[in-house]
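Here is a short report for a first look at this structure.

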Amino acid sequence: MASPLLPTELLVSTSALFLLVAFCMYTMSRRSKNPLRPTEWPIVGILPSLVVNLHRLHDYVTDALASCGHNFKSCLTGMRFLLTCDPTNIRHIFTSNHANYLKGKEFSEMFDVTDGSFFTVDGEPCRRQRARIQSIFSSPRLLALMAECCRDKVEKGVTPFLARMAKTAAPFDMHDLLTRFAFDITATPIFGVDPGLLSTSSAGGDGMHAVVAMDTVMEVGLFRHTLPMCCWKAMRWLNVGPERKLAAAHKVLRGFVAEMIERRKLMTGGYAGDMESPASPVEIIMSSYINDPEYSDDLLCATLINFMIAGRDTIGTALVWLFHNLARNPDVVACIREELAPIASRKAAAAATTMVTFEPDEMKPLAYMHAVLYESLRLFPPIPIERKTVVADDVLPSGHAVRAGDTILVSLYSLGRMQDVWGEDCMEYRPERWLLGKAGDGLRYVPTHKFLAFNSGPRMCLGKDIAIMQMKTAVAAVVWNFDVEVLEGQSVHPKFSCILQMKNGLMMKVKKREM
């Protein structure tokens, strides 16, 4: 397995000069009236400060924003940007004046493996692709297939694995398990073929290579954000450093997509465009793209990779932080089990096994479970930063003026940790903050400009309901059947990536509940 991109590679790439400047910056900041405010330097801007705090990047950004009134304007290697977690600015950027704040051409180039897909495009191409995806996701047949796949993977993959770990009392990496789970439940419905990462008879084969490649895309994506475009493009042209790893990752991902499509064609006897009743999303997608005048094989491949990243990265990342939170909050686990008990008792009476698996439809009315998910997403959003490019000069509600071409960086991680947004207990994991009275009274309304985990405005996540269903199904089975425990002494913090993945995984132990 290829080693992940390490922060030390960033230090090498940005040169030893920045280390000297960073030391000077650190010395000066200790004398500053506001030591949490990043020190700005000529040409390099706040880059030395970021390098020094790379090991705690998101917490550093949160401290800086809290000390600067939720907004910080500066430059980074020549890029003018505004860093914000101000809810009024977020509403303006994502909703009320969204047409002036786009992903932009530079963003599309940074994530070139998905170039042209709905993840990177703006304007009319974005609206057209989102309409197509919304049509696909509204298919009852597809929704049933995704629910069935999720339940099947929980029942035949996740819980048997945990039962083996409980029997042997062996520690295991929950991050690895949930990554495999998220990859399988994303790829299987999309391609109509099971990559089998949770299979006991296989280590995952090419699927695991694709997992590592997806990690590389997100790690190098963040690396590209820290350098001027001309620098990382030069590295790409020379095929050196992180860009060399990224080129190899692109080849792996495109090869994986091609292999899965070919396996599906062998199963069905041809493309879905020739079939009257498409049996999987890939066939629906292929059919719709083939009939599109802008169709190309590259666009189809980019779109399928986009689907994989959107599903695997968000669900897998969200779940591992959720179980980390649950292991530290046994009172929350008790409340989840209390909500599940009426369903579980009915199922146990009719089942021939003590292991209970919950149906996705049974999860819909569970308000406390919903609150548990939202509270974890508030503190640990899978996508911790959103990037926008300013189209025309504007003044934000906070009073900050932005110019055409400026970059807006919105910290979702910081937004969930601001006291004047979430209260003095904002750092506590407390699902009750989402509830109207008792759990049975439903969820409290929170506007998306305060809770941005599923985006906001015209780019609201189209797979939100599906993702919530999948996460609830997995959490319910694990929490009801097992007690989970985090091993002491491990360092749990995010890696250097556009996704809030755990750098060192999450080692846990489980015990089978006696019921």
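The count of disulfides is 0, a disulfide being a pair of cysteine sulfur atoms within 2.5 Å. The model is predicted: local features need pLDDT of at least 70, side-chain atom pairs count only at pLDDT 80 or more, and totals for chains, interfaces and linings use all residues. Residues are numbered from 1 along each chain as its sequence is written, and side-chain values use heavy atoms, without hydrogens and water.

| Cys-149 | Cys-150 | 7.2 Å |

Cys-149 is buried, at 10% relative accessible area. Cys-150 is buried too, at 0%. Buried means under 20% relative accessible area, exposed over 50%, partly exposed in between (1.4 Å probe, protein chains only).

Next, the second largest pocket. It holds about 450 Å³ of space. A pocket is an open set of points on a 1 Å grid over the protein atoms alone, with protein on both sides within 12 Å along at least five of seven lines; lining residues have an atom within 4 Å of a point. The lining has 21 residues, and Leu-143, Lys-364, Asp-465, Ile-466 and Met-469 are the closest to the centre. Helix H20 gives the largest share of the lining, 6 residues. Helices are DSSP runs (H or I, at least four residues), numbered from the N terminus.

Last, the surface. Trp-237, Leu-238 and Val-240 make a nonpolar patch of about 370 Å². Such a patch joins nonpolar side chains (Val, Leu, Ile, Met, Phe, Trp, Tyr) within 5 Å, from residues with over 30% relative accessible area and no salt bridge. Trp-237 lies in helix H11 (residues 229–238). Trp-237 is exposed, at 73% relative accessible area.

Key. Patches are made of residues with over 30% relative accessible area and no salt bridge: like charges are joined within 9 Å, nonpolar side chains (Val, Leu, Ile, Met, Phe, Trp, Tyr) within 5 Å. Accessible areas come from the Shrake-Rupley method with a 1.4 Å probe; for residues, only the protein chains shown count as cover. A salt bridge is a side-chain nitrogen of Lys or Arg within 4 Å of a carboxyl oxygen of Asp or Glu. Helices (H or I, at least four residues) and strands (E, at least two) are DSSP runs, numbered from the N terminus. On a 1 Å grid over the protein atoms alone, a cavity is a set of points where a 1.4 Å probe fits but cannot get out, and a pocket is an open set with protein on both sides within 12 Å along at least five of seven lines; lining residues have an atom within 4 Å of a point. Grid points are joined across faces, edges and corners, and a volume is the space filled by probe spheres set on the points.
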